[in-house]
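Welcome, and please have your viewer ready with both sequence and model loaded. We will go from one selection to the next and say what is there at each stop.

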Amino acid sequence: MQKKIIYLKDTDSTQQDRVNDFYTLFSNELRDTNLIEQASVVRIADMGLYEKGVAVKILPENIVYTGLKNTDVKKIIEETIKGNKVIKESLYEKKSKQMRAVLKNCGYIDPESLEDYLAAGGYKALAKVLLEMKPEQVVEELKKSGLRGRGGAGYPTWMKWNFARGMNSPEKYVICNGDEGDPGAYMDRSVLEGDPHSVLEGMIIAGYTIGSSKGYFYIRAEYPLAVERVQKAIDQAVEAGLLGNNILGSNYSFELEIRLGAGAFVCGEETALIASIEGKRGTPHPRPPYPSVKGLWEKPTIINNVETLANIPQLIFGGGAKFASIGTEKSKGTKVFALTGKVKNSGLVEVPMGITIREIIFDIGGGILNNRSIKAVQTGGPSGGVIPQEFLDTPVDYENLGKLGSIMGSGGMIAIDETDCLVDLAKFYLKFCVDESCGKCAPCRLGGYQLLHLLEKISEGKGEMEDLDKLKKISYAMQKASLCGLGQSASNPVFSTIRYFEEEYKKHIIEKKCPAGKCKALIYFKILPPKCKKCGLCFKNCPSAAILGSREAGYVIDPIKCVKCGLCFDVCKFKAVTKE
Amino acid sequence: MKKITKEDIEKIDPLKKDLGKSWIKVGMSTCGVAAGADEVYATLIEEAKKRNIEIDIRKCGCQGACSVEPLVEVNVEGLPKVLYGRVNKDVAITILERHVRNKKLLHDYIFEIN
């Protein structure tokens, strides 16, 4: 009989770790029953389960038990280890909340090897398209699938492609938008680095469908590894005859080239991106005409996000209907999110549309760091908004997030806990947009600056009640009058934080207090003499010599010299330093 | 390399991607590299050679668990497939010695096991 291994982990974070107690229990029980030869107990670092009590996983059968009590140990040894039976009551049926479609190869194949991609079923969709399908049929499949652009706006991909296909022009272009610039988002980078051939395949299929013979990868220069891997993939594809003339023996020809973005956020906007490829200054221009009518070099062009293109091969291979079976009524398929902020397990997750935000944060992300409570979730980066915790059970899709005043965006998801200040957050995103505004249109250039100014005023404790109305007014003007998506959405973080957290703004304005203790001008540190043990730790650590006193006389903080770094608060072991 | 045809694509054995029975994969996307996957990969290659351990060591993309990078996935015949997290140079050497050669797991670094 093969030796069994019992993996042990306490998945509760709120209580004291009980792993060692259980380890002893299991070990003793095994010794007492003379089963040491048949099984061993192992404590592991992570099991992918959270808040399910003490859990064990038994291999090779891969049985998982959760919520164990001391009394269960004997039973498990008796029945499962000795008798090879499964105990139904404690059994945990693992339902993976994640669903890997776009990321299915990421982390499994060697991204620098074409053979690996082929072995994983790669380029089968391309062969099917080139040799068996007409462009109209590809559009038809896309229409059936209900795939929508993954860059944020969620425009139906089939419509974009169909417009460009219908245009009568000898030259057309396909562009892959890899100018991912949202703070905290890195889905596209991971796809380009982990599975570049899937994006390549998607682009060739797109080219064939609209009748284009030339495509561009627009990748930001801050992603050198992605650029290197994509270039390698292009070289391999050319060598293998998957790019170039007469691909796979058909009479279709296509070539690809990489263009680097030079670090401007606005170049992720499609008209600015086109200008950037043409060698012009990366500023947007008004639409219509849309790029699918008049795009790169004034020729019909389709611009798709990396994730959209990476969806294409599996969509074509499995068929549109299969793709449409996943997701909600209007949003189909899966979406990759970059889960960051105050969650325990930050990382990339891919989930079917329609999953709730709570499931993403708590079941996949493992909950909030340091057992604090969640306050809100920010999605969509600087163009998105915040979703307060009472709406965490909303299913994720384009419409629902839009209704809540946020957007799907490219897929950044940032968890915000009670120690984060929403005014500070709005200020951060707005500052980002002000820095990145290209300055072409007045609403964005001036409006953004004024909004930022008002927010700074509020966070410094100089805000007045009229400021709230001004914020709303300017935000509205920016939304309506800006030239491109950057300006139109730059005020979203302000709008949505005022919508859900007006109280917090009012506390800043009326009481001149920051409830989260983030806005430096509104917090004061103080040493409480009764609690102070005069150890001098704060005195030693203060970077600005703002703590006065001695070990005999005790210490006080000089509010004029204090830079409010919070170091004294952090180092004090007796909680004698308070923050208010 | 000769030009690929449709038959080539369809003929490819999907099992080939399983790379045989023993292999080590290192997550080498930006997230992994930033956490030190480069060094881990180099150490694995170098030490495996030094110690005459024959195992296929390869790069792969991001597995998603960015908070515990660098990630190293190890599959050795007779043992379950293990994903190690927060691997550094020393742990890499221990993986070769303990897991690959002596067929014992490194308990403290297991993040997923199948």
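Select A:Lys462, which counts as exposed at 53% relative accessibility (exposed is over 50% relative accessible area, buried is under 20%, and partly exposed lies in between, with a 1.4 Å probe and protein chains only). Next, select A:Lys342, A:Arg372, A:Asp417, A:Asp420 and A:Lys518 together: salt bridges with shared partners join them into one network.

A word on the ground rules before moving on. This is a predicted model, in which local features need pLDDT of at least 70 and side-chain atom pairs count only at pLDDT 80 or more, while totals for chains, interfaces and linings use all residues. Residues are numbered from 1 along each chain as its sequence is written, chains are lettered from A and ligands numbered from 1 in the order in which they are written, and side-chain values use heavy atoms, with hydrogens and water left out.

**Second stop: salt bridges across the sequence**

Over all chains, the structure holds 31 salt bridges. Pick A:Lys214 and A:Glu257, whose side chains meet in one of them at 2.6 Å, N to O. The pair links distant parts of the chain, with A:Lys214 in strand β6 (residues 214–220) of chain A and A:Glu257 in strand β7 (residues 255–261) of chain A, 43 residues apart. (Strands are DSSP runs of E with at least two residues, helices are runs of H or I with at least four, and both are numbered from the N terminus.) Buried or exposed: what is A:Lys214? A:Lys214 is buried, with a relative accessible area of 14%, whereas A:Glu257 counts as partly exposed at 27%.

Then select A:Glu504 and A:Lys375, whose side chains meet in a salt bridge of 3.2 Å, N to O. A:Glu504 lies in helix α19 (residues 492–511) of chain A and A:Lys375 in strand β11 (residues 374–379) of chain A, so this pair ties together parts 129 residues apart in sequence. Both A:Glu504 and A:Lys375 are buried.

Colour chain A by domain: domain 1 (4–82), domain 2 (114–324), domain 3 (334–417), domain 4 (422–511) and domain 5 (524–579), with bounds from an automatic or database domain assignment. Show domain 2 of chain A with domain 3 of chain A; taken over C-alpha atoms, their centres are 27 Å apart. Here 15 residues of domain 2 are in contact with 20 residues of domain 3, contact meaning heavy atoms within 4.5 Å. About 1400 Å² is buried between the two domains, and carbon and sulfur atoms give 54% of it; buried area is the accessible area (1.4 Å probe) that two parts lose on being put together, summed over both. On the domain 2 side, highlight A:Arg150, A:Tyr186 and A:Met187, which lose the most area to domain 3 and together make up 36% of what that side buries.

The rule finds two salt bridges across this interface. For another selection, take A:Glu399 and A:Arg148, which form a salt bridge with their closest N and O atoms 3.2 Å apart.

Switch to chain B, which has four helices and five strands in the order α-β-α-α-β-β-β-α-β along the sequence. Of its 114 residues, 52% count as buried.

Now bring chain A back: 40 residues of chain B are in contact with 49 residues of chain A. The area buried between these chains is about 3500 Å², of which carbon and sulfur atoms give 56%. How many salt bridges are there between chain B and chain A? The count is one; select B:Arg58 and A:Asp116, which form a salt bridge with their closest N and O atoms 2.9 Å apart.

**Last stop: a helix of chain A**

Finish on helix α4 (residues 124–132) of chain A, where the buried residues are A:Ala125, A:Leu126, A:Ala127, A:Val129 and A:Leu130. They pack against α5 (135–145), α8 (196–210) and α11 (306–318) of chain A, together with α1 of chain B.

Conventions: A salt bridge is a side-chain nitrogen of Lys or Arg within 4 Å of a carboxyl oxygen of Asp or Glu.
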